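Here is a brisk report on a predicted model. Please look over the sequence and the structure first.

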Amino acid sequence: MTANNRPLDPGADIPGTVGGRETAPDEQPDTSRAPRDGRPGRRGVFTRLGAPRAPRSRLRRRAWAGARMVAALALVGGLYAAFAPNVHAEDSSTLSGAAQQGETLYNSSCITCHGRNGQGVPGRGPSLVGVGSAAVEFQVTTGRMPLNQQQSQADRKQPMFSDDQARDIGAYIEALGGGPQLPNGNDFHSDGNISDGGELFRVNCSSCHAFGMGGGALSSGKYAPSLSNATDRQIYAAMLTGPENMPVFGNNQLTPQEKQDIIAYVRHQTNDQDPGGFGLGRLGPVPEALVIFLVGIVALVFAALWIAGKS
Amino acid sequence: MKRRKVDLADLPARSAGEIDDRLQVASPLRRLFNKVFPDHWSFLLGEIALYSFIVLLLTGTFLALFFDPSMQDTKYNGSFIPLRGIDMSGAYRSSLDISFDVRGGLFIRQMHHWAALLFMAAIVMHMLRTFFTGAFRKPRELNWIIGILLFWMGFTEGFAGYSLPDDALSGTGLRIASAIMLSIPIAGTWVTTSLFGGEFPGHVILDRLYIVHVLIIPGVILALIAVHLGLLVKQKHTQWPGPGRTNSNVVGVRMFPGFALKGGGFFMIVFAMIALLGGIFQINPIWLFGPYKAAVVSAASQPDWYVMFLDGSTRLMPAWEFRWHMFGNYYDIPPLFWPTVVLPGILTMLPIFYPFIEARFTKDKAVHHLLQRPRDVPTRTGIGAMAVSFYLVLLVSGGNDVIADKLKISLNAMTWAGRIGLLIIPPLAYYVVYRICLGLQQHDREVLSHGVETGIIRRTPEGRFYEVHQPLGPVDEHGHGELPYAGWVVPKKMNRVGALLPTLRGFFKPVETVEDVENEQSSNAPVSPAPSRHHEIGTGGRS
Amino acid sequence: MSTTTEHDDDFDVDDRSLSRFDLVREGARRDGVEIVHYAPKFPVPGTKREKRVVRTVALLFAITGLAALGFLISYIWWPYEYKSGFNINKYYTPMLGITLGLTLLSVGLAIITWGKKLLPDEISVQDRHDQIVDQTERKLTGATMLNMVDELGIARRPLLAKAALLGLAPVGALAAAPLVGGLIKDPHHPDVLVHTGWDNKLTNNGQPIRLVRDDMTPIRPEDISVGGQMTVFPGIPGGNTNDYGDSPTLLIHLRDDDADRLRGNITGQVPANENHMYGNLVAYSKICTHAGCPASLYEQQTSVLLCPCHQSQFNILDNARPIFGPATRRLPMLPLDVDSDGFLIAKSDYQQPVGPGFWERP
């Protein structure tokens, strides 16, 4: 295990240069040490979405979600029309170009739940001040945000915004209160060591995402998602920010190089054709059990019927 | 030297004579050739198990040539890139080498694993057939018990084999096995440390499991199979009731050539099935799991299907621990003990004693060679349905996390559903199946009494409609059939009594023309007044 | 099968007028088998249907040959070496499976078709003969067996029986002793089930043991992110290997309010866990108290730790109390501290036995 030269000197920052940009020395705000700034709900990353609600039937939920979406869009449109000039007038002087773009998008799609200037709306959405652009990018590019409805866990779906738009919103949120950022670039796997990544994956990731990366069930309806559709940036962002119930793997814990190793391993495995034929979703003995009965036994019973049939 | 002219036609007889001079096998050999076997598809389920076992021996021998059960640390240097440079045991390294660096090794490994799953599946199917048809009754109780022992031997053999590659999944399984042993009162800790040579995992367990897997249990299974088949030959096969079939004869075909050809052909088909599974469906991809490390685990950790029901029972078990203070020490029975030691114990002893329990309750001490249709013994069929549903709830619960994840159900809800289902579903299954059996019986009796529905509707002069029924045999003065209820198939369609053309043959589409069918003279009606003509004795095939 | 003797005395095997089938039937009869129905499938040779069946069987054998050839060719020439990604090598195993499967399948189909369609229709009836139990035979055998006992004279000389029994009992034990004795290992000396690798007296000469990562590097409190978890091992030689299979530990960095809740749940309620936290850091054994799997599915928002083997769930904020599933015991907490170099250490071994329960668990 000498692959990673981990600096042991306590004072030293981790010299992480990824994708040509110097990473911030401590991208993970250490809230246990830093004095609380008084803003409520700073800890969450788009999570803790309001009070838990009683489960409803799927169909009704869908219908409600659609209706709510329309209502939300109308409301947001109205709000935008009402407030947009003011907002611009207030903030434009301090924001970069990207952040201004992001602010526009934020005010049209996110403000309903997360409030003006990312302050959060009690019971609807947490404050986004300090969550950083990495969290925004993860949530928006995987389509988890904007949410259709309040639910225990946001599902991956078709994203509403392009990657560039997501980065713009990220820049805006970053400007509001800092937080973890992703390095530049889209390729975080080419420089990774697959074997090291595999070792790290098995110790840190496989317990929830499973050896086959198909994800797995957590308690009470929560789940760890499959990694097969995740992009490099999304995996990186997930490790860095710990979305939803996923633990945070800050850069002190998994160095940028180690994160790249893990991404390299994930990419290799998800892009590796199964050598033993159809992989059955890499879900282990459960689908194998189905196959032996539904294919093996059924076919052989049919054969037996044919053999013993009169002719 | 003058070459003697060899008469080829004379050769077989002469060589047979030469052999018999020395071995005197003529009459036992002929007795073997002439042994009669009844023919029914359900009698072939046990054969699937037998043939899978042969494939297991063949593929296992190949694997043993390359496998190394060592737990010594080595560094992997084979061709599977994602594991290069990783520390692992010799067992895992050699399993990877079989998968990636031995030509065709992965194919043989997958065949071996699929054959193991099929072996166990066929044993279970065979047991179900034996149970539901009453084939376990006197004089076959011993063979029934041997069958149960074979299941548990296969279970242990499979578990040992699953553990050998020393990948993370098999190590997790072994970890649970050690915990199960630990949970046994009084002897648990001693048994565990003795088997593992100290604390889990130690350095010897794979060597021990290896010898268990390749020598001891296969030897025991072979011996049990030999006795199983020996008893089958000695007692002769059971048969379905039917015309000409009695409790004191066997109706079927002689072993050679007819039965042997079918058996040999079926072996090839089973072998082919295993080869196709082994080639087409990936099984146990150990390279995804990595080497076993005590800190590593994966979501959806399951054993193979035949162990899964015990995993299910463990998952459903409530958190009940018995702990008390006695003689200055604490004593403890962990919750693991009940679903993994006590339950399998019950599940072994109940079926072993079932033939005797049933005989006691039914006061039936007679020798039985004729099978019973499940509908004719509703109580037994209901009990069987109860057992099957109990087992299925456990089996499904063994994979409840995968089901929860894929179908987006709460995991906790799945567990509760399993706990409640385990109590509710079996009695429900008993009741439903019992009623179904009675209903089917009733329908058979109605047809015997009133005849087959012809589909011809007549109208009486008074304007009443009625359907014409075709009696199956002679009728009494009331027009009611006089055929007794015989516990065998009652024809319910006109073509089955020869009044209409037989249906065209063919599995998915007809393979013969209407003329073919018309030309065929044999009617093979299963119910006939008297077996005067020979061909009315059916062979009991698919009907 | 004593029927071989009850054959028809009039039957003359050398009678030239008998057909071979007459001989077969007589042979079967002597084995208690009556061939009651025997009819060739195709009494008239060369019909269209017969030819069709013969052609089918022949075709199946031809397919067998071709598929077998295909198997050999793929086995030898198809590239089988592992190559990353999607490529032709990945079809090696499927090729072998399909060709071998096809070979065996067509052999099987050919043989069975032959047996079903070309062999004569036959119904034979064999007597079972076990209906009439020969009571005479039973009596004679029984007498023979009882006579054995008489001959040995055990009834007359009871001392012999007792002596033999007493003398032979130790021999049975003697036979078992070398088979079992070599395996026996005392679980209590050393007490492996109670101590883990974190016991510095046993494993580190009494020196405090550092918490290390999988790559054996020590850990500072700030290395682990808030809301993060890390699998740590005892920093002793081999500490991260399976030699210390009971020692993997889950180090968790709680948020302020969660840490406060945990501290509240420890103080006065679980004295065994007092002063085990370091700041907001808490370390629980990763080995599930139910069946020993690594319980490591940590949900950082809901603070639930799930074990993937049997779904036991533990509440991190309440001393890892089991809240769902079959587990009955809390995950033991490792007492944490920091050494003079600023690295995390374990103050002592776990205060309770780690892993699955057992009979004499203290």
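## A buried histidine

His209(A) counts as buried, at 11% relative accessibility. Buried means under 20% relative accessible area, exposed means over 50%, and partly exposed lies in between (1.4 Å probe, protein chains only). His209(A) sits in helix H7 of chain A. Helices (H or I, at least four residues) and strands (E, at least two) are DSSP runs, numbered from the N terminus.

What does His209(A) touch, leaving aside neighbours within four places in sequence? Its contacts are Phe201(A), Gly214(A), Gly215(A), Ala224(A), Pro225(A), Leu227(A) and Met246(A). Contact means heavy atoms within 4.5 Å.

## Basis of the model

The model is predicted: local features need pLDDT of at least 70, side-chain atom pairs count only at pLDDT 80 or more, and totals for chains, interfaces and linings use all residues. Residues are numbered from 1 along each chain as its sequence is written, chains are lettered from A and ligands numbered from 1 in the order in which they are written, and side-chain values use heavy atoms, with hydrogens and water left out.

## The site around Cys205(A)

The unreviewed UniProt entry annotates Cys205(A), Cys208(A) and His209(A) as "binding site". Of these residues, Cys205(A), Cys208(A) and His209(A) are included in the lining of the largest cavity. On a 1 Å grid over the protein atoms alone, a cavity is a set of points where a 1.4 Å probe fits but cannot get out; lining residues have an atom within 4 Å of a point. UniProt positions follow the numbering used here, feature names are shortened, and annotations may be inferred rather than shown by experiment.

Cys205(A) lies in the loop between helix H6 (194-204) and helix H7 (206-209) of chain A. Cys205(A) is buried, with a relative accessible area of 12%. Not counting residues up to four places away in sequence, Cys205(A) touches Leu200(A), Ala210(A) and Ile262(A).

## The site around Cys110(A)

"Binding site" is also the UniProt annotation (unreviewed entry) for Cys110(A), Cys113(A) and His114(A). Cys110(A) is in the loop between helix H2 (97-109) and helix H3 (111-114) of chain A. Its relative accessibility is 14%, so Cys110(A) counts as buried. Beyond its neighbours within four places in sequence, Cys110(A) contacts Leu105(A) and Gly115(A).

His114(A) belongs to helix H3 of chain A. His114(A) is buried, with a relative accessible area of 4%.

## Chain B

Chain B has 17 helices and eight strands. Of its 543 residues, 54% count as buried.

Technical notes
On a 1 Å grid over the protein atoms alone, a cavity is a set of points where a 1.4 Å probe fits but cannot get out, and a pocket is an open set with protein on both sides within 12 Å along at least five of seven lines; lining residues have an atom within 4 Å of a point.
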